[in-house]
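Visitor: Please show me the model, and let us discuss it by question and answer.

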Amino acid sequence: MSLVKPDLTQTSDQVSPGTYKVRIKDAKIGEWEAKDGKPATPYINWRMETFGEEQTKNNGRAVFWRTATAGKGAFQLQNLYKAATGEKLDGEFDTDQLLGKEIQVTVAERNGYTDIQAVKSLG
């Protein structure tokens with residue numbers, strides 16, 4: 001056994017349910033494993049950061065969202081892309097195109113976790 005003493009002074013709680021302005025900061029491609037007879041599903045793990053909040057403690061908080069790039073759940077990627085660019089997702093795109101884009105997300109609690117329920121453009 002190894003004794004660990006973490007330094008948690010710079011951590012912050014996850015965002016509470018609500019509506020936030022966020023800036024897309026990062027995107028990493030991954031894949032959910034195949035299970036229960038369902039095929040593996042590729043996804044993009046987006047990291048966003050809150051800004052423009054009245055309570056300054058809510059600025060700079062990370063919000064994460066995985067959007068499938070195939071299958072029934074890919075509609076979430078379509079919604080994110082349209083909110084960020086104002087254009088319909090049609091074919092290939094580079095995730096770097098969305099970095100720095102600002103959108104509005106609605107975060108809700110589901111099964112003890114927070115999850116993005118809706119995305120909209122800020123314009």
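Guide: Arg61 counts as buried, since its relative accessibility is 10% (buried means under 20% relative accessible area, exposed over 50%, partly exposed in between, with a 1.4 Å probe and protein chains only). This is a predicted model, in which local features need pLDDT of at least 70, side-chain atom pairs count only at pLDDT 80 or more, and totals for chains, interfaces and linings use all residues. Residues are numbered from 1 along each chain as its sequence is written, and side-chain values use heavy atoms, with hydrogens and water left out.

Visitor: Which backbone oxygen does the side chain of Arg61 reach?

Guide: Arg61 lies in the loop between β2 and β3; strands (E, at least two residues) and helices (H or I, at least four) are DSSP runs numbered from the N terminus. A polar contact is a pair of N or O atoms within 3.5 Å; within protein, one must be able to donate a hydrogen and the other to accept it, and residues adjacent in sequence count only if both atoms are side-chain atoms. At 3.1 Å, the side chain of Arg61 reaches the backbone oxygen of Lys57.

Visitor: In what order do the five strands form the open sheet?

Guide: Two strands pair if DSSP finds at least two bridges between them. β3 and β5 stand at the edges with a single partner strand each, so one side of each has no neighbour in the sheet. The pairing is antiparallel, and the order is β3-β2-β1-β4-β5.

Visitor: Which residue of β4 is the bridge partner of Val22?

Guide: β1 (residues 18-32) and β4 (residues 102-110) pair in the antiparallel sense over six bridges. Within this pairing, Arg23 has Glu102 as its bridge partner in β4. For Val22, the partner in β4 is Ile103.

Visitor: Which residue in the turn between β4 and β5 has a positive phi?

Guide: β4 and β5 (residues 113-121) run antiparallel and are joined by eight bridges, with Thr106 opposite Ala118 in β5. The two strands form a hairpin with two residues between them, and the residue with a positive phi, about 55°, is Asn111.

Visitor: How wide an arc do the buried residues of α1 cover around the axis?

Guide: In α1 (residues 75-85), the buried residues are Leu77, Leu80, Tyr81, Ala83 and Ala84. They lie on the same side of α1, because the arc they cover around the axis, taken from the directions from the helix axis to the C-beta atoms, is only 165°.
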